[in-house]
Amino acid sequence: MEDKDNIKKTISFVIPCYRSEHTLENVVAEICETMGNLEQYSHEIILVNDCSPDGTWEVIRRLCQENGCIRGINFARNFGQHAALMAGLRQSVGEYVVCLDDDGQTPADEVGKLLNKLEEGYDAVYASYAHKQHSLFRNLGSKVNELMTRIMLEKPRELYISSYFAVRRFVVEDMIRYENSYPYVIGLVLRATKNITNVEVNHRERQEGSSGYTLKKLLGLWFNGFTAFSVKPLRIATCIGCLSAGVGFLYGLYTIVKRLFNPQVPMGFSSIMAAIVFFGGMIMIMLGLIGEYIGRIYISLNNSPQYVIRECINGEDKKGNL
């Protein structure tokens with residue numbers, strides 16, 4: 001009978017790929033070299049091409065042909081990083097799943113640090129960086145995302161969230177139960193467990209190209225994060241509405257009292273218009289927020305897919321086409 005202690009745990013690496021035809025091969029080679037030194041683990045690599053306009057899919061196809069532990073997924077159109085992560089998670093079979101970037105900035109050779117934390121009993125481990133090599137724009141975006149997840153998703157203040165993380169199998173199984181149109185991986189992890197920690201790794205400089213996150217994409221990601229997994233925006237809108245109504249009521253009392261004590265005081269057209277514009281703006285913001293939630297409900301009821309897979313190599317589409 002085989003000794004259970006000698007059975008290797010499988011590590012699944014999930015990598016969303018976009019404009020990475022010149023960097024992806026080095027990332028895969030680094031993973032294979034690193035895992036060759038971690039003899040207690042076996043591994044698989046799942047590469048998800050998010051309809052990249054360059055030759056990324058041709059590189060993935062060649063890597064799959066050269067290495068049987070690599071699987072490729074090709075999207076029919078661009079669905080975004082989080083949709084690509086969901087597709088890879090559904091294909092994964094490992095006891096531990098590691099997600100990282102395709103540009104080499106997240107060091108695959110330090111994956112042992114993340115795995116050691118999982119072995120200590122944590123359910124999820126996020127890499128943290130002493131010195132990030134992102135641009136000023138990306139660092140600002142990360143800070144805004146940090147604030148949003150802390151306020152809206154109740155992320156612990158001391159927990160740092162990054163795109164390089166590792167989770168246990170039961171966390172993955174809970175994450176892939178989410179089949180609505182707007183996946184947000186951070187929210188899914190925080191929904192599944194609070195037993196999360198950080199481990200510090202190096203953050204490398206980008207070898208070539210630039211980040212795929214534009215201002216428009218970052219704004220969409222933030223808005224998706226706090227509307228997909230929290231009703232706090234609606235509660236905040238209610239509080240703002242109550243506060244605005246209270247301010248309007250007090251201002252009305254002030255106007256009446258001032259008129260009683262001094263009948264010569266003219267009624268101010270400017271103050272009335274300012275009040276109308278202020279309260280009208282508050283109403284439009286709240287209606288827009290409510291409309292966003294209703295719109296997402298409508299899209300979900302229409303079974304809009306998280307992603308559509310055009311082609312799989314060395315695997316099958318388990319739950320991709322919703």
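In the predicted model, the axes of helix α3 (residues 81-91) and helix α7 (residues 185-192) come within 9 Å and cross at roughly 50°. Axes are lines fitted to C-alpha atoms, for helices over the stretch in contact, and angles run from 0 to 180 degrees between N-to-C directions. The arrangement of α3 relative to α7 is therefore oblique; angles under 35 degrees count as roughly parallel, over 145 as roughly antiparallel, 65 to 115 as roughly perpendicular and the rest as oblique. H82, L85 and M86 of α3 form the contact with V185, I186 and L188 of α7, where contact means heavy atoms within 4.5 Å. Five nonpolar residues, one polar residue and no charged residues take part in the contact of α3 with α7. In this classification, Ala, Val, Leu, Ile, Met, Phe, Trp, Tyr, Cys and Pro count as nonpolar, Asp, Glu, Lys and Arg as charged, and the others, Gly among them, as polar. Helix α7 is mostly covered, with six of its eight residues buried, namely V185, I186, G187, L188, V189 and L190. Buried denotes under 20% relative accessible area, exposed over 50%, and partly exposed in between (1.4 Å probe, protein chains only).

Helix α1 (residues 24-37) packs against helix α2 (residues 56-66) at an angle of about 30°, the axes being 10 Å apart. Consequently, α1 is roughly parallel to α2. In this pair, L24, E25 and V28 of α1 meet T56, I60, R62 and L63 of α2. By class, four nonpolar, one polar and two charged residues make up the contact of α1 with α2.

Residue N49 lies in strand β2 (residues 41-49) and counts as buried because its relative accessibility is 3%. Apart from residues up to four places away in sequence, N49 touches C17, T56, W57, I60, I73, N74 and F75.

Overall, the protein contains ten helices and eight strands. Helices (H or I, at least four residues) and strands (E, at least two) are DSSP runs, numbered from the N terminus. Of the 322 residues in the protein, 44% are buried. Among contacts with a separation of 6 or more, 82% involve residues 24 or more positions apart.

Residues are numbered from 1 along each chain as its sequence is written, and side-chain values use heavy atoms, with hydrogens and water left out. Because the model is predicted, local features need pLDDT of at least 70 and side-chain atom pairs count only at pLDDT 80 or more, whereas totals for chains, interfaces and linings use all residues.
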